[in-house]
Amino acid sequence: MDKVSGKLTVFFEEPFWVGVFERISDGKLSVCKVTFGAEPKDYEVYDFVLKNYYRLRFSPAVETDVKEAGRNPKRVQREVQKQVQNMGIGTKSKQALKLQQEQLKIERKIVNREQREAEKQRQFELKQQKKKEKHKGR
């Protein structure tokens, strides 16, 4: 059976508040970065997750190791305190975000190239049309 775990980290990255969604599925980590702007309240973050989670564009999956173990509640509490003070995202998450950024950049380049070529073709057709009109003597 598939086990999927998710984690949301909200932190301040000058000049905006940023949320990083981490999703681990089948031992692969995928990440999505969301910019909130002003500091979001807990209920605003919760509302955002409920309304927009399925619209988020996660990065391609990166291999990661998943730890399975029973958790001592006091230890979990200490880890949460440490994460709150540490504030930031892991290196695997950064790798996944960078990979997503590169893919989006490549997609943008392809779309822009197609638009340029279409515009060139349109201009060429227009010139040909004008040539024909001149040739006909109209």
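**Close-up views of a predicted model**

View 1. Lysine 51 counts as exposed, at 56% relative accessibility (over 50% relative accessible area is exposed, under 20% buried and anything in between partly exposed, with a 1.4 Å probe and protein chains only). The model is predicted: local features need pLDDT of at least 70, side-chain atom pairs count only at pLDDT 80 or more, and totals for chains, interfaces and linings use all residues. Residues are numbered from 1 along each chain as its sequence is written, and side-chain values use heavy atoms, with hydrogens and water left out. Lysine 51 forms a salt bridge with aspartate 47, at 3.4 Å from N to O (a side-chain nitrogen of Lys or Arg within 4 Å of a carboxyl oxygen of Asp or Glu). Aspartate 47, at 34% relative accessibility, is partly exposed.

View 2. In one of them, arginine 71 pairs with glutamate 79, and their closest N and O atoms are 2.3 Å apart. Arginine 71 is exposed at 53% relative accessibility, whereas glutamate 79 is partly exposed at 30%. Another salt bridge joins glutamate 119 to arginine 122, at 2.9 Å from N to O. Both residues belong to helix H3 (residues 91-136) and are three residues apart, about one turn of the helix. Glutamate 119 is partly exposed, with a relative accessible area of 35%; arginine 122 is also partly exposed, at 46%.

View 3. The whole structure contains six aromatic pairs (rings of Phe, Tyr and Trp, the last by its six-membered ring, with centres within 6.5 Å; planes under 30 degrees apart are stacked, over 60 edge-to-face and the rest tilted). Phenylalanine 36 and phenylalanine 48 make an edge-to-face pair, 5.4 Å centre to centre with 75° between the planes. This pair links distant parts of the chain, 12 residues apart: phenylalanine 36 is in strand E3 (residues 28-37) and phenylalanine 48 in helix H1 (residues 42-52). Ring pairs join Phe21, Phe36, Phe48, Tyr53, Tyr54 and Phe58 into a cluster. The charged end of arginine 23 sits over the ring of phenylalanine 58, 3.9 Å from its centre (NZ of Lys or CZ of Arg within 6 Å of the ring centre and within 35 degrees of the ring normal).

**View 4. Nonpolar cores.** The largest nonpolar core has eight residues: Phe11, Val18, Val20, Leu29, Val31, Val62, Ala96 and Leu97 (a core is a set of buried Ala, Val, Leu, Ile, Met, Phe, Trp, Tyr and Cys residues joined through side-chain atoms within 4.5 Å). Strand E2 (16-25), E3 and H3 each give two or more residues to this core. Another core, of five residues, lies apart from it and includes Cys32, Val34, Leu56 and Phe58.

**View 5. Glutamine 101 and glycine 37.** Glutamine 101 lies in helix H3 and is partly exposed, with a relative accessible area of 44%. The C-alpha atoms of glutamine 101 and glycine 37 are separated by 20 Å, and the two residues are 64 residues apart along the chain.

Terms used
Helices (H or I, at least four residues) and strands (E, at least two) are DSSP runs, numbered from the N terminus.
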